[in-house]
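Dear colleague,

I am passing on the structure below, and I would be grateful if you could look it over before reading my notes, which follow directly after it.

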Amino acid sequence: VTAINNYKSEQQFRILQAKQDDALVVVQRDNVVEQVNVAAVVVGDVVTVSTGAKIPADGLLIKGNDLKVDESSLTGESDAIRKNADKPFMFSGCTVTEGDGVFVVTAVGKNSEWGKILTELDTEREDTPLQVKLGTLAQNIGIIGTVVAGCC
């Protein structure tokens, strides 16, 4: 049951991730303002965001107008964070809840904070010694149960 739930959750996550990658964002490159696909954002782009927008990459705020960002997906903090010169860091995957702003991209993809988290989650880990012992115990209980059931 758990494996099925995990599989379904993983499929839903991949669908949502694909939809997020299809979004367009306003960037300034070489003094030319244009709309590009989120996947085409690169380090050095100057990105404009406004209320409701997903932040496409990590960056540093250049200018903000009463800008607040929901960073709960990254930090767990439920309150929107006001972005200004004291708190200029913008994180990919977070949502602008109020105002608008302009920031320069400092990291994208796996190099962003969100990308590092996803990479860490995607990495398979070795079982701990406790997990190995519990697996062996469960296997032994299963064998003993089968033997007892066969005898009775």
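Does Asp45 count as buried or exposed, and at what relative accessibility? Asp45 counts as buried, at 3% relative accessibility, where buried means under 20% relative accessible area, exposed means over 50%, and partly exposed lies in between (1.4 Å probe, protein chains only).

Before going further, please note that this is a predicted model, in which local features need pLDDT of at least 70 and side-chain atom pairs count only at pLDDT 80 or more, while totals for chains, interfaces and linings use all residues. Residues are numbered from 1 along each chain as its sequence is written, and side-chain values use heavy atoms, with hydrogens and water left out.

As to the overall layout, the protein has 4 helices and 7 strands, arranged along the sequence as α-β-β-β-β-α-β-β-β-α-α; helices (H or I, at least four residues) and strands (E, at least two) are DSSP runs numbered from the N terminus. The C-alpha trace spans about 80 × 30 × 25 Å along its principal axes, and the radius of gyration is 23 Å, whereas a compact globule of 152 residues would have one near 15 Å (taken over C-alpha atoms, the globule rule being 2.2 Å times the number of residues to the power 0.38). Of the 152 residues, 23% count as buried.

The structure holds 4 salt bridges, a salt bridge being a side-chain nitrogen of Lys or Arg within 4 Å of a carboxyl oxygen of Asp or Glu. One of them joins the side chains of Arg29 and Asp45, at 2.7 Å from N to O. This pair links distant parts of the chain, 16 residues apart, with Arg29 in strand β1 (residues 24–29) and Asp45 in the loop between β2 (32–37) and β3 (46–50). In contrast to the buried Asp45, Arg29 is partly exposed, with a relative accessible area of 23%.

Another salt bridge is formed by Arg82 and Asp66, whose closest N and O atoms are 2.4 Å apart. Because Arg82 lies in strand β5 (residues 81–82) and Asp66 in strand β4 (residues 58–70), this pair ties together parts that are 16 residues apart in sequence. Arg82 is partly exposed at 37% relative accessibility, and Asp66 is likewise partly exposed at 39%.

Glu113 and Lys116 also form a salt bridge, with 3.6 Å between the closest N and O atoms; being 3 residues apart in helix α3 (residues 113–122), they are separated by about one helical turn.
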